Amino acid sequence: MPTRRRLAGPLLAAAASSSQTRMLGQMKAQLSGALRGTLMCDGYERDDRVHVMGSIAGVLGLRYVLEAKEEGSAHHGLAAASAISGVLDRLKSDGLAIGAVWTDDAGQCGRARRILALRYPSLVFLRCMAHQMNLLMKHVLLDTSLGPTIKAAVAAALTITRSSAKLLPLAKASTQRIYGSTLAILTVCETRRSPLQMCLASLLRVRGALLCFATEVGSAAPLALAPLRQEIFWRKLELAEAIVRPLAHATFILKRDDTSLADAFFVYGGIFQHLESMKHRTGISGFYHNLERRWMSEEQPLFVLAFCVHPRYMKMARALLDVDRRGTPVAHFSSPCLSNAAAGYYLKWFPGDSAAASAVVQQLFDFLTDDAVRRNYLRQVFEGQNQGDHGWPWFKFWSFVEKTGRCIELARLAITLLACKLQTASVERLFKEWGAQATENRNRMALSTMTALTRIKYEHEDSKRQAGTGRSRTTNRVINAEERPRTTAQASPLPLGGASVPADADDTDEDEPSGAAANTLGEWAASLNQVEEDPSEDTASDGCPSFMSFDFKGPEMPELAQPLPTEDVRGYPQEVLGTLSNFRAAKFSLLHLLGRTAGGGYSVDLRDHE
């Protein structure tokens, strides 16, 4: 009889090959139309001190796990570019169409993106948005006015929770006596800063009990608990929590798989308006300018275009475009300029089709400036939805528009643009799976075995999602920081009362009932039938505005025969976005786009939709 060790290898290889074949087949079927996949790459250190590069290709709810590769000793930009280029070549050989590549914002990763942007002009190379929110939260910790208060709060929370035999029972008793229930005091972890708001809010919601607790302990209290008796500490902590709250909310949103570039622009705008409304407070100005600096380093036309074509945000986008900015004009921010930029991105993803790119200009211009019936229709179809809703309603909408034969080119562009995933959190969740498999006591597992186990598990999870039996959502949330109502009598446990925040991208919605889907399709058909072309309106070139008569031609595809150097070469050619002279270099200040109008309010208040 063969031993278990002899049988395990062939059985695992056969199961992993079957899972890979099914995942690859599903990806190819999904990418057969206008959809383009997204490649997400990141690095990981195993318990045996081996550095591994993980990669996932994703589109909508599908994930395709690529082989884990051990990283060498070279960590410069050319080495990272060579590794990502190898993954892109592998995906091309597998027959998967990729439209975007996302990495984190480490120095070598940024240089790798700029190098590869010249070699792959049909792809978009961007940085992880969830990582940007994490860096913004790090800026709060480094702020000279708020950093000490936040560090003191974290130290107090750690001191209480670690003293499980003395301080923690006393804190629980005080909370039970004052509020009628015991509420947890949460701490932060080493690498993730998103739970920082939960830690600060967990202290603020029981501040009265903690003040009594610190007073009762008296001189026996550790030095870390001394700030709990100071009123100025609680005032500064309230300000710090108010700043961190929208960032934590944004981090939870941007880590999801179904978040689009439009959601990223919405998040940027919401944080900006939140900070602008409280910029008179001490410690806000530096954070305010840091947010603007990060926004100015993004490829902004991508985000703005996605915001304009996303059905959930179209009404807000039209309101922004209608604002009169003659006093402080925003260069390139107009319906004609955005329409031209849309044609440029169409040629980027679908090179050689100049006629279709010219059609995109007219279609997007009409979509942004005309058609009140369609505007009302969009409001009805997406009424009651917000960015916390899971699923891909934009894909359902634009697929339906494409099938009707109206605005086919614009529908293809919108589907490709909104399908770009904007995070590498999916790869970090992959690292979590690898960490559970290759533990400190089980550290001799080969990378091929680790990849095989992950593929089997991911394929099983995806099949459960499609069957509607996937696991429930996680409890990532922003906690309400208001102090809980006090009571003198014994009461039932009070509700936590936190604001609901979307779950991680691993979670999925329940399938839509068939009747509801049929009704939605019927409403779409009825609404689109009402929007008939007016035969009196001639859209031929004779009546076309000058900005729509441009002959679009895509850039020549470069030769990829020359491999990247194995050694670091200073001054190696790379794309610098700020030096480009085309639409991709256009910049829109958040202050000009979303700042207060002359009347003192916002033309579009993104805070009301959080």
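**Exercise 1.** Is the crossing of helix 19 and helix 20 left-handed or right-handed? Work out the rest of the packing too.

*Solution.* Keep in mind that this is a predicted model.

Step 1: start with the handedness. Helix 19 and helix 20 make a right-handed crossing.

Step 2: get the geometry. Two packed helices are described by the angle between their axes and the distance between the axes. Here, helix 19 (residues 425-437) and helix 20 (residues 447-466) have axes that come within 10 Å and cross at roughly 115 degrees.

Step 3: look at who touches whom. Helix 19 brings Ser426, Arg429, Leu430, Glu433, Trp434 and Gln437, and these meet Met450, Leu453, Thr454, Lys457 and Tyr458 of helix 20. Sorted by class, that contact has five nonpolar, three polar and three charged residues.

**Exercise 2.** Which strands are joined to strand 5 by four bridges, and how do they run?

*Solution.* Step 1: take strand 1 (residues 37-45), which runs parallel to strand 5 and is joined to it by four bridges.

Step 1: now go to strand 6 (residues 124-127). Four bridges link strand 6 to strand 5, and this pair is parallel as well. Here Thr103 faces Arg127 of strand 6.

Step 2: follow the chain between them. Strand 5, helix 3 (residues 107-119) and strand 6 form a β-α-β unit, and a right-handed one.

**Exercise 3.** Why is strand 5 described as largely enclosed by the rest of the structure?

*Solution.* Count its buried residues, meaning those under 20% relative accessible area. In strand 5 (residues 98-103), six of the six residues are buried, so the strand is largely enclosed by the rest of the structure.

Conventions:
Residues numbered from 1 in each chain as written. Predicted model: local features only at pLDDT ≥ 70, side-chain atom pairs only at ≥ 80, totals over all residues. Heavy atoms only, no water. Buried < 20%, exposed > 50% of the residue type's maximum accessible area, 1.4 Å probe, protein only. Helix = DSSP H or I, 4+ residues; strand = E, 2+ residues; numbered from the N terminus. Pairing = 2+ DSSP bridges. Right-handed = clockwise from strand over helix to strand, strands pointing away. Axes fitted to C-alpha atoms, helices over the stretch in contact; angles between N-to-C directions. Left-handed = near helix turned anticlockwise from the far one by under 90°. Contact = heavy atoms within 4.5 Å. Nonpolar A, V, L, I, M, F, W, Y, C, P; charged D, E, K, R; others polar.
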